[in-house]
Amino acid sequence: MYNILHYLEKTSEKSPTKIAIKCLENTITYEEFVRACKKGGSFLANKIGMREPVCIFMEKGIDTLIAFFSTVYAGCFYSLINPEFPENRILDIVHVLESKIVITDDAHEEVAKKIFRSLEVVNVRDLKSGVLDEEKLEYIRNLSIDCDPLYVNFTSGSTGIPKGVAISHRSVIDFIGHFTKLFHFTENDIIANQAPFDFDVSVKDIYSAFQVGATLLIVPKEYFSAPAKLLDYLVDNKATTLTWAVSALCLVTTFHGLDYKVPKDVDKVIFSGEVMPMKHLREWMEKLPDATFINVYGPTEITCNCTYHIIDRNRDYEVIPIGKNFPNERVMLLDDEGKEIVCPLQVGNICVSGTALALGYYYNEEKTSEAFVENPTVKGYKELMYQTGDLGEYNDLGELVFKGRRDFQIKFQGHRIELEEIEKAMMAFEEVLRACVLFDEEKSKLYGFYVGDIDSKVLYAKMKEILPIYMVPTKLLKMEAFPMTKNGKTDRRALMESVK
């Protein structure tokens with residue numbers, strides 16, 4: 001298999017009338033979906049050449065996926081641009097992509113025409129009403145190879161210009177095949193999608209569903225601000241699988257959503273993005289006693305995830321490991337001299353090699369060469385690896401444990417401090433549900449944000465008892481809930497802005 005469309009077509013042939021995607025009351029079968037995408041692919045193939053980028057300017061939904069796969073049928077690759085982005089960021093992304101075309105819908109067409117002045121704006125409605133040209137699609141497929149790009153997802157860049165991570169068909173095929181097999185995805189699953197479509201957590205939802213023939217249930221983003229609606233939706237649709245960001249799961253428990261209703265059909269909860277607080281995990285596990293809970297780790301640049309740890313209900317975790325590598329991915333700890341660390345309790349840099357590595361940063365050779373380098377542990381031939389920028393160590397069981405970001409390591413009052421260490425200390429108190437510590441370098445101040453039922457002065461006194469004074473945040477701020485980014489992670493920038 002060298003093209004991701006084989007997943008979709010094989011499932012469509014096997015189960016043509018099965019619901020492929022559901023969003024609120026709208027549904028589409030596998031047969032209907034494939035036909036719509038082929039028509040869209042035929043339409044686009046008359047406008048652009050192979051291996052060209054196509055911007056998608058829409059909220060997540062069925063039509064958005066039709067735009068994605070129409071692009072793939074045309075032999076091109078897609079990049080979703082969130083309509084909620086500021087215009088400057090949108091223009092920065094377009095500048096990087098150098099795309100000729102943008103696909104949108106009725107709700108965003110007027111705005112798209114104002115923003116994308118140099119691009120041809122196409123309504124997804126035109127894709128769906130296109131004339132299917134099987135001969136042209138077959139011609140395109142015959143010219144395709146497995147390392148053709150499939151999508152480009154943008155992450156923040158240190159220079160202020162977004163970095164576009166280009167992922168190939170080969171990488172997604174390799175990862176999803178192992179992901180679905182390891183965690184027992186089947187055609188009977190109802191996969192409840194939480195993540196935005198420009199975030200790689202959604203890649204696991206979309207391609208896992210199409211690979212095994214499951215149904216993808218798109219959860220409207222506004223439901224994550226209304227726990228009762230969210231849980232009603234999960235229960236009514238008999239969702240079986242939650243591949244969610246940690247913050248999304250914590251949002252439910254912070255507002256006691258599981259006391260209102262439990263989605264009892266859920267048998268898999270796969271979480272990532274941040275360290276999962278044990279208090280929140282225990283509540284989910286108590287409410288779903290038969291479900292499997294899995295911690296997965298990995299940056300966008302290695303196609304979703306590179307390690308996993310299946311939670312042992314009989315184990316008393318002090319820290320949840322990020323675990324062991326997925327098949328066909330080499331995950332290493334290297335010291336600052338590039339030598340591999342194999343001994344427990346020695347912190348090193350997490351590096352990854354294997355088929356799942358990204359093609360690099362789109363039109364950014366400098367950043368690509370900085371992050372994707374030759375593996376120094378391999379001699380005699382060239383093997384690329386990705387330097388994640390994360391720190392890790394092996395515990396006594398040989399499991400990999402996340403130890404924070406290199407760039408979350410600060411120097412304060414002459415001391416080197418890991419912000420995650422302070423967060424862990426705050427979370428040790430029963431009254432604290434969430435914790436986030438930020439450093440304002442300009443003011444040389446540590447800020448501690450928390451959600452919980454404890455006065456800040458009391459928390460400050462308690463923290464002085466367990467931490468050196470230089471590690472106790474200058475100011476502790478109680479929050480009702482943490483702001484989240486569109487990707488479901490704690491919005492650290494918004495937290496910092498709240499104290500300026």
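**Exercise 1.** Is Asp 63 buried, partly exposed or exposed, and at what relative accessibility?

*Solution.* Before starting, note that this is a predicted model, where local features need pLDDT of at least 70 and side-chain atom pairs count only at pLDDT 80 or more, while totals for chains, interfaces and linings use all residues. Residues are numbered from 1 along each chain as its sequence is written, and side-chain values use heavy atoms, with hydrogens and water left out.

Step 1: recall the classes: buried is under 20% relative accessible area, exposed is over 50%, and partly exposed lies in between (1.4 Å probe, protein chains only).

Step 2: Asp 63 has 27% relative accessibility and therefore counts as partly exposed.

Step 3: look at the partner. Asp 63 forms a salt bridge with Lys 128, with 3.0 Å between the closest N and O atoms; the term means a side-chain nitrogen of Lys or Arg within 4 Å of a carboxyl oxygen of Asp or Glu. Asp 63 sits in helix H3 (residues 62-73) and Lys 128 in helix H6 (residues 124-128), so the pair ties together parts 65 residues apart in sequence. Helices (H or I, at least four residues) and strands (E, at least two) are DSSP runs numbered from the N terminus. Lys 128 is also partly exposed, at 32%.

**Exercise 2.** Find which residue forms a salt bridge with Glu 120, and say which parts the pair ties together.

*Solution.* Step 1: the partner is Lys 47, and the closest N and O atoms are 2.7 Å apart.

Step 1: Glu 120 belongs to strand S6 (residues 120-123), whereas Lys 47 is in the loop between helix H2 (30-45) and strand S3 (53-57), so parts 73 residues apart in sequence are tied together.

Step 2: Glu 120 is partly exposed at 37%, and Lys 47 is partly exposed at 36%.

For context, the whole structure has 23 salt bridges, and Glu 59, Glu 84 and Lys 221 are linked in a network of them.
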